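Open your viewer, get the selection tool ready and follow along. We will go stop by stop, with a short note on what to pick and what is there.

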Amino acid sequence: MDFSDANFWGCLVSIIFINLILSGDNAVVIALATLNLSGKDKKRGIFWGTFGAVTLRILLTTIAAALLKVPFVQAGGGLLLIWIAIKLLKDQGCDDQHIEGSTNLFDAIKIIIFADLMMSLDNVLAVAGASGGHIGLLILGLCLSIPIVIFCSTLLSKLMNRWPSLVSLGSGLLGYTAGEMVLNDKVFHFLHEIHALEYIIPWGLAIIVVIIGNVLKKARKGALLPKVNEADHSL
């Protein structure tokens, strides 16, 4: 890792920011899973559940980063990441957490690990793509960002609620990362010969993702409004 390389710091910041944007729900799961535990057990549950989730996250992301070197896999991952970015914006403000707290320490740890696994597939793909296949950079970015998510989850949630544009910024970054993943796929490496495409594809996808995501978000809110009004009238 070359700490004097501006590209290194750019990738590291991207990994941390992507992980923060996509991990807000994971922090909520940790809080809910340990809600009914006593003081000491709650701390143990948070620590061991987080430790297991982080270890599994690093392992899965490392595997994903290695798989992205296979032809077409990185381009396919980029296309999937576009959908993830749009869905992130479309579902903004939708609270669909249904995790029940456990009174048993071991059960709480299992809930944290397995819920994190199921909810982190988008995170794994996005971070693996942002790392450019650099395992050391990948692990460093995760180790720096995951503790922030765990201990500052409430603050992060408040910031994203107060400034919804942060979610748009995160989605745009995912779109940009998706474009770079397509460009870095061995099959499409010839696109680098057209220098302008190195900028047009990532920035174009970033803009498209933000526009489509916000349009779908407004459409979803518009569809939900009549249902809310109908429920109010029935009361």
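**Stop 1: the largest nonpolar core.** Select Ile18, Leu81, Ile82, Leu125, Val127, Leu137 and Leu174: of the 31 residues in the largest nonpolar core, these touch the most other members. A nonpolar core here is a set of buried Ala, Val, Leu, Ile, Met, Phe, Trp, Tyr and Cys residues joined through side-chain atoms within 4.5 Å. Buried means under 20% relative accessible area, exposed means over 50%, and partly exposed is in between (1.4 Å probe, protein chains only). In soluble globular proteins, nonpolar side chains tend to be buried together.

A word on what you are looking at: this is a predicted model, in which local features need pLDDT of at least 70 and side-chain atom pairs count only at pLDDT 80 or more, while totals for chains, interfaces and linings use all residues. Residues are numbered from 1 along each chain as its sequence is written, and side-chain values use heavy atoms, with hydrogens and water left out.

What does Val127 touch, not counting residues up to four places away in sequence? Its partners are Ile15, Ile18, Asn19, Thr61, Leu138 and Leu142. Contact means heavy atoms within 4.5 Å.

**Stop 2: the whole chain.** Zoom out and show the cartoon. The protein chain has ten helices and zero strands. Helices (H or I, at least four residues) and strands (E, at least two) are DSSP runs, numbered from the N terminus. Buried residues make up 40% of the 235 residues in the chain. Among contacts between residues at least 6 apart in sequence, 84% join residues at least 24 apart.

Stop 3: Select α3, which has 29 residues and reaches 42 Å from its first C-alpha to its last, close to the 42 Å expected at 1.5 Å a residue. The expected span of a helix is 1.5 Å times one less than its number of residues. Among the buried residues of α3 are Gly45, Gly49, Thr61 and Ala65. Click on Ala65: at 2% relative accessibility, this residue counts as buried. Draw a distance from Ala65 to Ala126: the two are 61 residues apart in sequence and 9.9 Å apart in space, C-alpha to C-alpha.

Next, move to Phe72, in the loop between α3 and α4. Is Phe72 buried or exposed? At 53% relative accessibility, Phe72 counts as exposed. Phi of Phe72 is near 75°, a positive value in a residue other than glycine.

**Stop 4: helix α4 and its partners.** Select residues 73-90, which form helix α4. This helix has 18 residues and reaches 26 Å from its first C-alpha to its last, close to the 26 Å expected at 1.5 Å a residue. Its buried residues include Leu81, Ile82, Ala85, Ile86 and Leu89.

Now pick Gly213, found in helix α10. Gly213 is buried, with a relative accessible area of 0%. Leaving aside neighbours within four places in sequence, Gly213 is in contact with Ile86, Leu89 and Lys90. Gly213 and Ala85 are 128 residues apart in sequence, yet 7.6 Å apart in space, C-alpha to C-alpha.

**Stop 5: helix α9.** Select α9. Because 14 of its 20 residues are buried, α9 is largely enclosed by the rest of the structure. Highlight Ser171, which has its place in α9 and is buried, with a relative accessible area of 0%. Not counting residues up to four places away in sequence, Ser171 touches Ala85, Leu88, Leu89 and Val209.

**Stop 6: the second largest pocket.** Finish by selecting Asn7, Cys11, Gly132, Glu180 and Asn184, which of the 20 lining residues lie nearest the centre of the second largest pocket. The elements giving two or more residues to this lining are α1 (6-22), α6 (121-131), α9 (165-184) and α10 (197-234). Which helix gives the most to the lining? That is α9, with four residues. On a 1 Å grid over the protein atoms alone, a pocket is an open set of points where a 1.4 Å probe fits, with protein on both sides within 12 Å along at least five of seven lines; lining residues have an atom within 4 Å of a point.
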